[in-house]
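Please keep the sequence and the structure in view while reading.

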Amino acid sequence: AFLKCHYNLEWWASVISNAEEKEITEVLWPYIKDKISPPDINLSNEEMTIDYNQKTIRGKLSMLRGLGENTAKKIISGRPYKDIQDLVNKGTCGNSLTRKLIHVGVLDSLFDSNMTLMEKMQEFENCVKYKEYRDKIKDKSGGEIDISLPIDEIIKLAKENPKTKRLHPPREGVVEDKYIHISKLNDFMMKKDVLPTMPLDLSSMILENTNVNSSV
């Protein structure tokens, strides 16, 4: 009781680190839903981690469906990630999984805090194209061009290099249709499919939609 009162986050982090997903979702969730934040790509491990800056408990990576043990190990070994381009370049997550992680907020720390979901998705798709271009430049130039430089400088150097001047600059990436004009219901279902413990209230969402439709 003393620990729960005076070290509340630490106490709950210990409890849920040793609990199964079913116990968390069916028994403990009403008590902890306001204390849990989505896992973070740079902070989360296989234990619940306290984020003292946000005053919340960061979920563990295994809470994410579709993220296996081997991928979790690759993510941890590739840290730190300074931005989304760095994550893409290191190749620790497949593109499909990365999109899901962006959607549920696991990669929020790699983006500008003011960006919308669509802006984050667009930046990610652009980063994928940039990596493909960098890989081609590295292969064609035989290492003559430093691919760690900003993309604009790489493009400039590539145009001046006889080995790479014929390569077309990267095009803008295309965001997947399912994220364009996503409805609130689909948004809810897609997030819950990846992170079942995400604190989303379906009843409130339905009530909000009902009120909007009634006023139209």
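The protein chain holds 10 helices and 3 strands, where helices (H or I, at least four residues) and strands (E, at least two) are DSSP runs, numbered from the N terminus. Read along the sequence, these elements follow the pattern α-α-α-β-β-β-α-α-α-α-α-α-α. This is a predicted model, in which local features need pLDDT of at least 70 and side-chain atom pairs count only at pLDDT 80 or more, while totals for chains, interfaces and linings use all residues. Residues are numbered from 1 along each chain as its sequence is written, and side-chain values use heavy atoms, with hydrogens and water left out.

**Overall dimensions and surface**

- Along its principal axes, the C-alpha trace of the protein chain spans about 70 × 50 × 25 Å.
- Of the 216 residues in the protein chain, 38% are buried, where buried means under 20% relative accessible area, exposed means over 50%, and partly exposed lies in between (1.4 Å probe, protein chains only).
- The accessible surface of the protein chain comes to about 13200 Å², of which 50% belongs to carbon and sulfur atoms; accessible areas come from the Shrake-Rupley method with a 1.4 Å probe, and for residues only the protein chains shown count as cover.
- Among contacts (heavy atoms within 4.5 Å) between residues at least 6 apart in sequence, 49% join residues at least 24 apart.

**Nonpolar cores**

- The largest nonpolar core has 43 residues, and those with the most contacts inside it are Leu 64, Ile 84 and Leu 107; such a core is a set of buried Ala, Val, Leu, Ile, Met, Phe, Trp, Tyr and Cys residues joined through side-chain atoms within 4.5 Å.
- The elements that give two or more residues to this core are α2 (8–17), α3 (21–32), α4 (69–77), α5 (84–90), α6 (95–103) and α7 (117–141).
- A second, separate core of 7 residues includes Tyr 133, Ile 151, Ile 154 and Ala 158.
- Leaving out residues up to four places away in sequence, Ile 84 touches Thr 98, Leu 107, Leu 110, Phe 111, Glu 123, Phe 124 and Cys 127.

**Cavity and pockets**

- On a 1 Å grid over the protein atoms alone, a cavity is a set of points where a 1.4 Å probe fits but cannot get out, and a pocket is an open set with protein on both sides within 12 Å along at least five of seven lines, with lining residues having an atom within 4 Å of a point.
- The structure holds 1 cavity of 30 Å³ or more, a volume being the space filled by probe spheres set on the points, with grid points joined across faces, edges and corners.
- The lining of the largest cavity divides into 8 nonpolar, 2 polar and no charged residues, among them Trp 29, Met 63 and Leu 195; here Ala, Val, Leu, Ile, Met, Phe, Trp, Tyr, Cys and Pro count as nonpolar, Asp, Glu, Lys and Arg as charged, and the others, Gly among them, as polar.
- The largest pocket contains about 230 Å³ of space, and its lining includes Lys 82, Asp 83, Lys 131 and Arg 134.
- By class, the lining of the largest pocket has 3 nonpolar, 3 polar and 6 charged residues.
- The second largest pocket contains about 200 Å³ of space, and its lining of 4 nonpolar, 1 polar and 4 charged residues includes Tyr 133, His 168 and Arg 171.

**Individual residues**

- Met 48 is found in the loop between β1 (36–37) and β2 (49–51), and it counts as buried because its relative accessibility is 8%.
- Beyond four places in sequence, Met 48 touches Ala 13, Ile 16, Ser 17, Ile 57, Arg 58, Gly 59, Lys 60 and Met 63.
- His 103 lies in helix α6 and counts as buried because its relative accessibility is 7%.
- Met 190 lies in helix α9 (residues 184–194), and although Met 190 and His 103 are 87 residues apart along the chain, their C-alpha atoms are separated by 8.4 Å.
- Leaving aside neighbours within four places in sequence, Met 190 is in contact with His 103, Lys 178, Tyr 179 and Ile 182, while the residues that His 103 touches include Leu 117, Met 121 and Asp 187.
- Lys 74, found in helix α4, is partly exposed, with a relative accessible area of 42%.
- With neighbours within four places in sequence left aside, Lys 74 is in contact with Tyr 81, Gly 91 and Thr 92.
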